[in-house]
Amino acid sequence: MEKSRMAELPPELRYIQYEHALEKKYLPAIRALISKDLSEPYSIYVYRYFLYQWGELCFMALDPKTDTMIGVVVCKLEPHQSHSPPTLRGYIAMLAVSSSYRNHGIATTLVRKAIDAMVERDADEVVLETEETNIPAMKLYERLGFLRSKKLHRYYLNGNSAFRLVLHLKRAQDMVGDENGGEDGLE
Amino acid sequence: MESNGMPAIAQQVGGLNINDGPPKPGPFVAYELEPPPPPKINNKNLITMDVTEQFTSAAQKLELGELVKDPHFTLFESVGALEIMDSKMDSGHLEEGETMQDDYDFSKALLPEEIIGIIDQLLCHEMAWHMGYPLSQTIFTSLYIDRLLMPTPTSLEETYFDRSDSRLQKEPLTLQILRAYCLGLIKTCWFVNSRVRSEHFYEEEDFVTHTFNRSLLDRVGHEAILQLLDETVELLSGSDDIPREIKDALFSRLLFRARFLRIVEVAASRTAPGVKEMWTELQSSLPQIISSTNLGKPVPDSFSVKVQRKLASTVPPRPIVIVSQEGAFAHLERLCRDAAAALDVFEYYDSHSLFTFVSLFQARKPQPSVYVRTLLQHYLFGDMIILGTMSIRQVLDEDIANFVLPASKLLDRNNDEVEVPTDPRFIAAEKMEIFRSRAAGTYLDILRTMCQNRCRIRRTLCHTIVDWDNLQLDAEDLDQQLREFTQEEPILDRNISNEPIYAFPLSSWAYFYKLRQMEWIVQMGFELELYQPDELAAMYWYVQYLSRTRLRHLERIRTFVTRSTSTSASRLKDIGTAGGLECANAQAYNNLSTLEASANSAFADALSCLYTVLDRLGLLSKLPQPYSDDHMRYEVRMKPFLGIGLPELVPFPELTQLVTQSNENTLDILEFAAESTAAAKRALEGLAKLNAEQGFCRGSHGSWVVEVKNALKACILANITIVTVRRAVEAAGDEGKVKLKAEIPGPSARYHDWWIVPKVVPVP
């Protein structure tokens, strides 16, 4: 079974960074791919909320021949402060890979590209939630160094709980809190 | 909201409270017939004008495809936005041929078997609601329930299912049974919902109290419903055209509903007698229902997903939640059992036993349901009177007296009577009151937190740990000031310190609870499966570090308590006095906590060493870290403790050294681990032998012993595992490969949630 799947995979996928000019061309496919894994679809505004503000943190995997959407990751990056000193926090909001192309490291490549883009933008940390039963997703992130920081009871509509996963990109003392540097971060 | 988690937002949006106040039939009648009228603007300060032209001209200035985003348009708004004509978002969108509402004939006669079928399905829905699903996807999907609730009835007269002319004739018995049952069901839900709502819980996460603008029979008294249930029972017993078996099944269901309704009406009372027996009776009535479920004939078309379109909700109909009959009855049985057990909390002995009771009760598996947990909260804290009889001060003072300040004049109530502001007793009373006002919340928060779901318990403990740190600092100041009143003689011992040493009783008390809470935070991480295999050595090292710190602290407290007791011994010749009892309790509690901390530290030490060895042998999966390193991961893990002053966070390089023990030989580490399990075993056996008084678990001794014995089993298993590893290491010699495989067991494969003993098996 694995072999036949392997055969389907194009020799080299095309990974591209999203930009607003691509909305018409790719947004419908992004929505279609992500909606497959959701019990309830997000409205167009949810996609625009992320893609309009953080398009450069969205990456797509395409079949080079057919231009078919095979995978996508959608993120954001903004200052965060709740119970602790402020950080510039990246958040991986959506990640999807077409089911027949899974287990080939496409999701990992997408996530790495997103994290790389966050690192370039001086992010302090990256967080996300994943369903407790989604072992492949948990493994993917844990192989990138994420730790489970807390468990969230009945987080999803289906009644399943989630784990919050956290990856620090810097030592706590070096975290800046916002894009302009952390001079007045703590007070 | 934390980190703007998408699913959490989606849930909140789903539960958006459009209008859940008192029912206003007007707009909803309009909704069912025609679109609502435009709003009436009566305010004369409001001037309306047509902006179409401005809007069009502004829009024309935009490039094609250009987006405009209001800075206040947040993720929350975007998730809440709907796309009209998308059937998954637009609740009014109909597929071709689909009708808005169901066309159900309520005058249709039902077989008695069908009544059983509907009732049993409703029970499944009721339990699904108790499990945390919304009414809209459970009970409210019943067309009969919908019929009862819309329009909102004000009396039983308005609850007939059949509203055609034929209803002037007598209601068939089958429908009366169903109606009485449904009324009882909804009223039961009303009581449950009111209870949950008035306590601390997490909407959506724990329970959905949202009623979608439906009234759960607010305006129909429960007595009238009970009376109808009784009358229906009587009517049923008089009827002879229903087969005996079916009749009995219907009986048991009506009686069950009346019982359940009677209980939820009194369950929150802290004085009503016989509530425990009522829960037990309800539980024992279940087998009769369970054994007759096979007689029921389902009526699937009397449930519809479409009812949700009539509810005040922003989201389109979601699927009906399916809970199996076995699942529903199991939940209900547990609910009865747990609710009966929760009442034991009223048998109060001492504050320490109360904490043990609540902690063990909440650790039951599965955890007691939300309704039972909110009942317990109410018993504990209702009207800020602890268990309905004690002031917060009483419990707090007792806790302090039975641990750090036995027979102390600081806690003497007579100090409060002194009215002369210069009198030292007046000043002491004032300072103690300052302490109480700061400590009470933090102290009771432990109990309150324990009433939440397991995930929330740990999260909340992480957030509130800093309160204990602050309280300890505040208390140090007060301790110093209070010395003027106590005239405390310090310990002068050059061997320990050049400075005089004082007791610092209040801050000692706070430090103790802070240490306990820190231990719980780390230990619950094991339970909730937060740690990866390569973290376990360090996390168990931290448990032993905290327990060992607690041991030293207990020793310090013991020194001062013994000292003050011996100096006041002449006053307390008679052990029967209150002061004498406090002294005995303080000693006993210190003994218990010492034994328990010894067990914890020795066991944790053993496991930490074992995991260090497994790590060294390459038997634990070590994940790559392309973006971070162990130091950064340590900071993620220890985040709750980063702001804590005492005990200091162990710096990462030091921790690494202490955990990896790189200078130690593997066999020596294993030897030490084996000795530690032996020490832990002795301590746990000691604990298991304590009686309820010595264990400060009065009211929950049975479950306390089970808990200790589970830890003991885990400890024995750990010892066997260590021996297995040692033999394999010895067999491999210096250069050879150790022929072992290690697995980390999941929660169901452990003797104790907090003690993860690796499963080590030989490989060829």
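**R556(B).** I started with R556(B), which comes out partly exposed at 29% relative accessibility (buried is under 20% relative accessible area, exposed over 50%, partly exposed in between, with a 1.4 Å probe and protein chains only). R556(B) sits in helix α19 of chain B, residues 536-567 (helices are DSSP runs of H or I with at least four residues, strands runs of E with at least two, both numbered from the N terminus). I listed its contacts, leaving aside neighbours within four places in sequence, and got I501(B), Y502(B), A503(B), F504(B) and S508(B) (contact means heavy atoms within 4.5 Å). I also checked R556(B) against L380(B): they are 176 residues apart along the chain, and their C-alpha atoms are separated by 32 Å.

**Ground rules.** I am working on a predicted model, where local features need pLDDT of at least 70 and side-chain atom pairs count only at pLDDT 80 or more, while totals for chains, interfaces and linings use all residues. Residues are numbered from 1 along each chain as its sequence is written, chains are lettered from A and ligands numbered from 1 in the order in which they are written, and side-chain values use heavy atoms, with hydrogens and water left out.

**Chain B, domains.** I looked up the division of chain B and found domain 1 at 112-343 and domain 2 at 463-483 + 492-762 (the bounds come from an automatic or database domain assignment). The centres of domain 1 and domain 2 of chain B, taken over C-alpha atoms, are 48 Å apart.

Which residues does the cis peptide bond with omega of about -10° join? They are K365(B) and P366(B), and P366(B) falls in the loop between α13 (351-362) and α14 (370-381) of chain B. I noted another cis peptide bond between L646(B) and P647(B), with omega about -5°. P647(B) is in the loop between α21 (630-637) and α22 (652-660) of chain B.

Then I turned to positive phi. F212(B) is not a glycine, yet its phi is about 55°; I find it in the loop between α7 (173-197) and α8 (222-238) of chain B. Is F212(B) buried or exposed? It is buried, with a relative accessible area of 4%. M384(B), also a residue other than glycine, has a positive phi near 60° and lies in the loop between α14 and α15 (392-401) of chain B. At 48% relative accessibility, M384(B) counts as partly exposed.

**Chain A, overview.** Chain A has 5 helices and 7 strands, in the sequence pattern α-β-α-α-β-β-β-α-β-α-β-β. Buried residues are 55% of its 187 residues. Of the contacts in chain A with a separation of 6 or more, 63% are between residues 24 or more positions apart.

**Chain A, the sheet.** I traced 7 strands in an open, mixed sheet, in the order β1-β2-β3-β4-β5-β7-β6 (two strands pair if DSSP finds at least two bridges between them). Its edge strands are β1 (14-17) and β6 (147-152) of chain A, each pairing on one side only. The twist averages 25° from one strand to the next. Helix α3 (residues 44-54) of chain A packs on the sheet, touching β3 (69-80) and β4 (87-97), and its direction makes about 70° with that of β3(A) (axes are lines fitted to C-alpha atoms, for helices over the stretch in contact, and angles run from 0 to 180 degrees between N-to-C directions).

I went through some of the pairings. β1(A) and β2(A) run antiparallel with 4 bridges, and Y15(A) has A61(A) in β2(A) as its bridge partner. β2(A) and β3(A) are antiparallel too, joined by 4 bridges; L62(A) is partnered by M69(A) in β3(A). These two strands form a hairpin with 6 residues between them, and D67(A) in the turn has a positive phi of about 65°. From β2(A), F59(A) and A61(A) point one way and M60(A) and L62(A) the other, and all are buried.

**Chain A, helix α2.** In α2(A), I found E23(A), Y26(A), L27(A), I30(A), R31(A), L33(A) and I34(A) buried. Seen down the axis, they fall within an arc of 165°, so they line one face of the helix (the arc is that of the directions from the helix axis to the C-beta atoms). These buried residues pack against β1, α3, β2 (59-62), β3 and β4 of chain A. The face turned away carries the exposed K24(A), K25(A) and P28(A).
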